[in-house]
Amino acid sequence: MAEINFAVIGNPIEHSMSPEIHEYFASQCNLSNFSYKKILSEEATLKDDISNFFSNGGRGLNITIPFKFSAYSLCNRFDKTAMQCGSTNTLKIYKGEIVGYNTDGLGFIDDLEAKNISFNNSNILVIGAGGSAMSICSSFLNSGQKVKISILNRTRRNADILIDFFNDRKIEIHNHNNNYDLIINTTPISMTREQISLPEDILSNNPICYDLFYSKNKTSFQTWAHSHGVDQCYDGLGMLIHQAKHSFFIWNGLTPETSNLESKLRII
Ligand code: NAP
């Protein structure tokens, strides 16, 4: 029987737990001959790597750091989750064309729900302005809840581009007088092991914090937040599971069961 091929493409890629998650979903749904691998790419070869993957029978591709914008520009068509945020984390082939989706924001909101974190009437700080920040902002704005979103990013111009993208939806640049209820770190600072140099006063309201990066141990953003008095700071493993659930549905038309998976993955 032909292999059903899926993969995640990014740089770096070694840390990704997406293969474990998708293989768990596939076995739960009795999909045999399912394979999900990691592909390391470079900006210069991304287009060829994606096109070779699909021309060799690949069925679906996840896109991770730093290619979510570049992959978007390589798509022939988009569903509304990608169109509403200008970046993509999930590709599939439909009638010979590459269709782009973005399940990051949906997965993030699902994980907040799974953790009983409500965000209606919240003052939210998103740190970062890359592909996942765009998707998370889009999902907040489309959630039907009342939110105020501010952006803090290393490169001001990229924060302005994000704000312009959502032009009529009133996202603002971070102001040090703001008191936040929820802070989401969408940068890879926990991945780089750099010293964290974020302003400490963003934590003055004891906000719930969330780092998109995930690891077996506490991430450096979690450690930084806790050391400055924050009570609750989560890593991104729950989001990874939920965004994968949405990608799996896009590719296979099946919604896998995710309960208890986060605790199982933490002890692998
Ligand atoms: P991206 O599109 O490359 O965006 C990265 C953002 O982080 C940019 O705003 C960039 O700022 C900023 N940044 C990069 N390096 C930085 C540094 N050393 N210090 C401060 N800011 C820095 O990446 P992405 O795809 O959004 O992914 C970002 C992170 O989220 C990665 O760690 C990824 O693994 C994680 N992630 C997790 C999940 C999950 O399911 N848990 C899903 C998606 C992403 P500039 O504008 O200045 O370049």
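**Entry 1: charges.** I counted 23 positive and 27 negative side chains in the chain, and the centres of the two sets lie 4 Å apart. I took Lys and Arg as positive and Asp and Glu as negative, leaving out His and the chain ends. I placed each charge at NZ of Lys, CZ of Arg, CG of Asp or CD of Glu.

**Entry 2: basis.** I am working on a predicted model, in which local features need pLDDT of at least 70 and side-chain atom pairs count only at pLDDT 80 or more, while totals for chains, interfaces and linings use all residues. Residues are numbered from 1 along each chain as its sequence is written, and side-chain values use heavy atoms, with hydrogens and water left out.

**Entry 3: overall form.** I find 11 helices and 12 strands in the chain; these are DSSP runs, H or I of at least four residues for helices and E of at least two for strands, numbered from the N terminus. The C-alpha trace spans about 60 × 40 × 35 Å along its principal axes. The radius of gyration is 18 Å, which agrees with the value near 18 Å for a compact globule of 268 residues. That radius is taken over C-alpha atoms, and the globule rule is 2.2 Å times the number of residues to the power 0.38.

**Entry 4: burial and contacts.** I note that 53% of the 268 residues count as buried (under 20% relative accessible area, with exposed over 50% and partly exposed in between; 1.4 Å probe, protein chains only). Among contacts between residues at least 6 apart in sequence, 69% join residues at least 24 apart; contact means heavy atoms within 4.5 Å.

**Entry 5: cores.** I looked up the largest nonpolar core and found 28 residues, with Phe-108, Phe-140, Ile-151, Leu-162, Ile-171 and Ile-184 having the most contacts inside it. Such a core is a set of buried Ala, Val, Leu, Ile, Met, Phe, Trp, Tyr and Cys residues joined through side-chain atoms within 4.5 Å. Helix α6 gives the largest share of this core, six residues. Another core lies apart from it, with 22 residues, among them Ile-13, Tyr-214, Trp-251 and Leu-261.

**Entry 6: Gln-84.** I located Gln-84 in the loop between α4 (80-83) and β5 (90-94). Gln-84 counts as partly exposed because its relative accessibility is 32%. Not counting residues up to four places away in sequence, Gln-84 touches Ser-138, Asn-142, Phe-165 and Phe-166. The C-alpha atoms of Gln-84 and Ile-250 are separated by 17 Å, at 166 residues apart along the chain.
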